[in-house]
Amino acid sequence: MYLQSALTKTGLGRLISRHQGVLIWILIGLQGFTLKIDSLQFLRRNPRSTRVDQCVVLLHYALWLVPPVLLLGAADALLNYALITVLIGFYTGMIFVVNHVGTRVIEPDESISFFQQEISVTRNLGASRLHDFVFGGVNNHIEHHLFPSMPTARLRSARRITRAFCRRHGIAYREMSWFAAAREVTRHFNAMSAFVP
């Protein structure tokens, strides 16, 4: 959240902004619902160019709702689907929030190279094969941004090369554990909360 945004908050927005350092880790579960709503809105706005996507979404809902409704009943099936969506929200949110929040903010009029921008607005998480599996390769987030068309399986190798390049040229290269990144995210939100009137 920007300082200017913090100063203009009122009502519920103000209350949430004052406690965002804690609330982010609770409300992040809603990310799954946000992704679903955004997807459906995109399909509604682009009906002609999203025919395949529409079929896939329809198949998704058919597979996730029809058999459970037949086996469990409507209420239990909807509860099951909602819980899965919340878990997906926590999982994806806890991966993506720590990759960006609390890093440098680049102003619109700031002139900066693509490389410098991607290095300064992202951070990498753990570097083990377990991290690659848990985070789907997005723990190599700097490289994911620098080389968006690179296959995920190659990001680990690119990470070693990018890290060495940055060290050689005195460029800050941010990598840390998930917990350290989560602490930075919380500190950032708490610092922004201090500006809310």
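Author: Gladly! W25, W178 and F179 make up one aromatic cluster. The model is predicted, so local features need pLDDT of at least 70 and side-chain atom pairs pLDDT 80 or more, while totals for chains, interfaces and linings use all residues. Residues are numbered from 1 along each chain as its sequence is written, and side-chain values use heavy atoms, without hydrogens and water.

Reader: What makes W25 and W178 an aromatic pair, and why is it called edge-to-face?

Author: Rings of Phe, Tyr and Trp (its six-membered ring) pair if their centres lie within 6.5 Å; planes under 30 degrees apart are stacked, over 60 edge-to-face, and the rest tilted. W25 and W178 are 5.9 Å apart centre to centre with 65° between the planes, so they pair edge-to-face. This pair links distant parts of the chain, 153 residues apart: W25 is in helix α3 (residues 20-27) and W178 in helix α11 (residues 178-193). Helices here are DSSP runs (H or I, at least four residues).

Reader: Why is W25 called buried, and why does F179 count as exposed?

Author: Buried means under 20% relative accessible area, exposed over 50%, and partly exposed in between (1.4 Å probe, protein chains only). W25 has 18%, so it is buried; F179 has 58%, so F179 is exposed.

Reader: And why is L27 called partly exposed?

Author: L27, in helix α3, has a relative accessible area of 39%, between the two cut-offs, so it is partly exposed.
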